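Let's take a walk through a protein together, one neighbourhood at a time. Keep the picture open and find each spot as we get to it.

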Amino acid sequence: MDPIRLGIVGVGTVSLRGILPHLSQSDVRDRVRVQALVDPVGERVAAAAAQFGVPTYFTDLDDLLDHGEVDAVSIASPIGLHFEQGLRALGAGKHVHFNKTMCTTVEEADALIEAARRNGVHIVASPGEVLLPQVTRVRELIAEGAIGRLAWALCGCAFGQYHEREEERLSPPGGRPIDPTWYFRNPGGGPMYDMTVYALHRLTSVLGPARRVTAFSGQAVARREFMGLGVDAEADDNTIGIVDFGDSTYAVVYGAPAGMRAQEVGGVRYFGTGGTIEDTLLNGEPFDFPGREFLDNAPAGDYAAPKRLLPHVVGPHLSLPEPHVYEDVMQLVDWAREGKASPVTAEHARHVVDIIESAFRSARTGEAQELRTTFDHPSGRARQEVVGT
């Protein structure tokens with residue numbers, strides 16, 4: 001089979017740090033080839049194409065779709081652009097990988113899923129927390145009653161200032177700094193869409209679809225700074241929500257400018273009547289799963305080590321940043337080339353979008369919001385079985 005010809009939409013930090021370094025490795029050339037790049041900043045896209053050996057580049061998405069000779073695209077642009085760009089790519093008959101988050105509303109997600117169905121192409125929506133072996137084992141431990149009756153969970157991310165300080169943003173190809181302003185603007189800005197999305201994918205991978213959300217949300221930091229220039233923020237950056245999974249099982253979910261988080265981005269803490277699970281610890285002691293030894297021997301400070309247990313992350317990819325992004329791209333590649341449907345489904349991503357959108361709606365209205373979506377996953381059935389025991 002010929003390799004999938006991939007176009008990358010957006011030459012920002014995630015492309016420069018993760019997608020392009022992984023996909024320029026020799027071990028993937030028989031499966032995927034980066035055929036084209038597109039970014040509105042001409043000097044950046046030209047320099048990145050030269051640096052990573054990409055044959056063609058464009059400054060307009062329609063030019064890439066019409067003339068780029070690609071089979072699929074990875075959308076790595078600001079989240080607020082994902083829907084419009086994804087809809088155009090799907091309409092052009094291209095398979096699409098969305099970097100987190102797929103879009104910002106359920107209505108948008110519905111339209112994307114329908115467009116993929118209508119055009120006979122596939123969507124893989126990052127992040128793929130469901131693929132991690134430790135997440136599978138957590139789901140099994142809860143189903144086995146290892147922590148008694150599950151009562152609640154805690155997950156989320158503290159935003160901090162990392163987007164203003166990323167190395168790739170300050171010194172990208174072509175020399176022009178990459179503006180982080182969109183992270184603090186609507187639509188798509190703020191920690192819920194940017195970071196807490198990982199925790200929500202993992203949480204729902206374990207507990208299955210949620211039912212209701214209630215939340216408070218507001219802005220704690222109204223002005224930020226990038227390279228000495230002030231940035232007026234408008235997106236909420238301080239959101240605290242409660243997600244109801246039914247049967248008196250809840251999760252506290254947060255996206256905030258400061259505070260605690262689990263040992264890794266996307267980590268979740270589970271509390272039951274007979275114990276706790278935090279990341280890869282059961283009642284404070286390591287539990288076993290495929291890849292446990294690798295994780296135990298990972299270098300100190302390697303925040304991405306837990307993501308290196310994903311199935312495609314082997315060889316040179318074990319030492320590169322953003323392994324989870326590479327994994328999701330390869331899920332789409334396998335689906336497009338070999339017909340291997342990915343468990344990283346658009347319906348699951350839509351449900352996570354539903355939780356985030358409903359949290360903001362709850363904060364505005366002061367009322368709990370019934371979720372409108374669901375997805376097929378064995379975790380939901382496993383959770384119901386535990387509740388019934």
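Two residues are in contact, or touch, when they have heavy atoms within 4.5 Å of each other. Before we use that, a word on what you're looking at: this is a predicted model, where local features need pLDDT of at least 70, side-chain atom pairs count only at pLDDT 80 or more, and totals for chains, interfaces and linings use all residues. Residues are numbered from 1 along each chain as its sequence is written, and side-chain values use heavy atoms, with hydrogens and water left out.

Start at Val231. Leaving out neighbours within four places in sequence, Val231 is in contact with Thr181, Phe184, Arg185, Ala222, Arg223, Arg224 and Phe226. Take Thr181: it sits 50 residues from Val231 along the chain, yet the C-alpha atoms of the two are separated by 6.7 Å. Val231 belongs to strand S10 (residues 229-232). Helices (H or I, at least four residues) and strands (E, at least two) are DSSP runs, numbered from the N terminus. Is Val231 buried or exposed? Buried means under 20% relative accessible area, exposed means over 50%, and partly exposed is in between (1.4 Å probe, protein chains only). With 7% relative accessibility, Val231 counts as buried.

Now hop over to strand S11 (residues 238-244), where you'll find Thr239. Thr239 is buried too, because its relative accessible area is 1%. What does Thr239 touch, not counting residues up to four places away in sequence? The list is Met192, Phe216, Ser217, Val253, Tyr254, Gly255 and Phe360. With Ser217 there's also a polar contact, side chain to side chain, at 2.6 Å. A polar contact is a pair of N or O atoms within 3.5 Å; within protein, one must be able to donate a hydrogen and the other to accept it, and residues adjacent in sequence count only if both atoms are side-chain atoms.

Next up is helix H4 (residues 82-91), whose buried residues are His82, Gln85, Gly86, Ala89 and Leu90. Look down the axis of H4 and these buried residues fall within an arc of 130 degrees, so they line one face of the helix. The arc is taken from the directions from the helix axis to the C-beta atoms. What do the buried residues of H4 pack against? Their partners are strand S1 (4-9), helix H3 (61-67), strand S4 (72-75), strand S5 (95-98), helix H5 (106-119) and strand S6 (123-125). After H4 comes Gly93, with a positive phi near 80 degrees.

Time for some charges. Side chains of opposite charge can pair when their charged atoms come close. A salt bridge is a side-chain nitrogen of Lys or Arg within 4 Å of a carboxyl oxygen of Asp or Glu. By this rule, the count is 28 salt bridges.

One of them joins Glu114 and Arg117, with the closest N and O atoms 2.5 Å apart. These two are 3 residues apart in helix H5, so about one helical turn separates them. Glu114 is partly exposed, at 31% relative accessible area, while Arg117 is exposed, at 56%.

In helix H12 (residues 346-365), Glu357 and Arg361 are 4 residues apart, about one turn of the helix. Their side chains meet in a salt bridge (3.9 Å, N to O). Glu357 counts as buried at 16% relative accessibility, and Arg361 counts as buried at 17%. Elsewhere, salt bridges that share partners join Arg17, Glu166, Glu168, Arg169 and Glu322 into one network.

Then there's Glu278, in strand S14 (residues 275-278). Not counting residues up to four places away in sequence, Glu278 touches Val268 and Arg269. With Arg269, Glu278 forms a salt bridge (3.2 Å, N to O). Arg269 counts as buried at 19% relative accessibility, whereas Glu278 is partly exposed at 26%. Glu278 and Val138 are 140 residues apart in sequence and 9.3 Å apart in space, C-alpha to C-alpha.

Last stop: the surface. Trp152, Ile242 and Tyr250 form a nonpolar patch there, with about 270 Å² of accessible area together. Patches are made of residues with over 30% relative accessible area and no salt bridge: like charges are joined within 9 Å, and nonpolar side chains (Val, Leu, Ile, Met, Phe, Trp, Tyr) within 5 Å. Accessible areas come from the Shrake-Rupley method with a 1.4 Å probe, and for residues only the protein chains shown count as cover. Tyr250 is in strand S12 (residues 250-256) and is partly exposed, with a relative accessible area of 36%.
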